[in-house]
Amino acid sequence: EDRSLLEKIVPHGGSSGHFLVTTCLVDTDLGDQSMILGCFNPSESVELLCRSANISEEAHISAANKLANQLGHLPLALNMAGSYMQRCDVDCAKYVARYVESETSAVLLGHEAVALSLDMSLN
């Protein structure tokens, strides 16, 4: 990631409002309100994905595990995927198939999973 991009997007001055920046740069200092969050562990990932997608059936847990692994256990990607599944009435297995079939899935590494989840949500 290019650290100089943060200078362009992080607001300077003013005392109201909030912003969220996600980055893989661990040593990035965004001020007093910075909070470093890691990736979820596999059980946390599946729990978030199932809650976001309103999945409760055991039959879908295996697909949720597979998807969580493919998304790198990144909370933002998991939440977007779950929201998409609930909004579009798509089960986890179908989402995994769409994710794998996506034209950009071949280049996915780490944080790019968030971009693909967002792209699938918007299209």
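1. The accessible surface of the chain amounts to about 8400 Å², and carbon and sulfur atoms hold 53% of that area. Areas were computed by the Shrake-Rupley method with a 1.4 Å probe; for residues, only the protein chains shown count as cover.

2. The model is a predicted one, in which local features need pLDDT of at least 70, side-chain atom pairs count only at pLDDT 80 or more, and totals for chains, interfaces and linings use all residues. Residues are numbered from 1 along each chain as its sequence is written, and side-chain values use heavy atoms, with hydrogens and water left out.

3. The chain contains 6 helices and 0 strands, in the order α-α-α-α-α-α from the N terminus. These elements are DSSP runs numbered from the N terminus (helices: H or I, at least four residues; strands: E, at least two). Of contacts between residues at least 6 apart in sequence, 60% join residues at least 24 apart, a contact being heavy atoms within 4.5 Å.

4. Of the 123 residues in the chain, 31% are buried. Buried denotes under 20% relative accessible area, exposed over 50%, and partly exposed the range in between (1.4 Å probe, protein chains only).

5. The ring centres of Y84 and Y95 lie 5.4 Å apart with their planes at 65°, so the pair is classed as edge-to-face. It links distant parts of the chain, with Y84 in helix 4 (residues 75–88) and Y95 in helix 5 (residues 92–101), 11 residues apart. Both Y84 and Y95 are buried.

6. H73 sits in the loop between helix 3 (61–70) and helix 4. Its relative accessibility is 13%, so H73 counts as buried. Leaving aside residues up to four places away in sequence, H73 touches C39, F40, N41, P42, S45, A68 and L78.

7. R51 belongs to helix 2 (residues 42–53). Because its relative accessibility is 64%, R51 counts as exposed. The C-alpha atoms of R51 and G82 are separated by 7.5 Å, although the two residues are 31 residues apart along the chain.

Conventions. Phe/Tyr/Trp six-rings, centres within 6.5 Å; stacked < 30°, edge-to-face > 60°.
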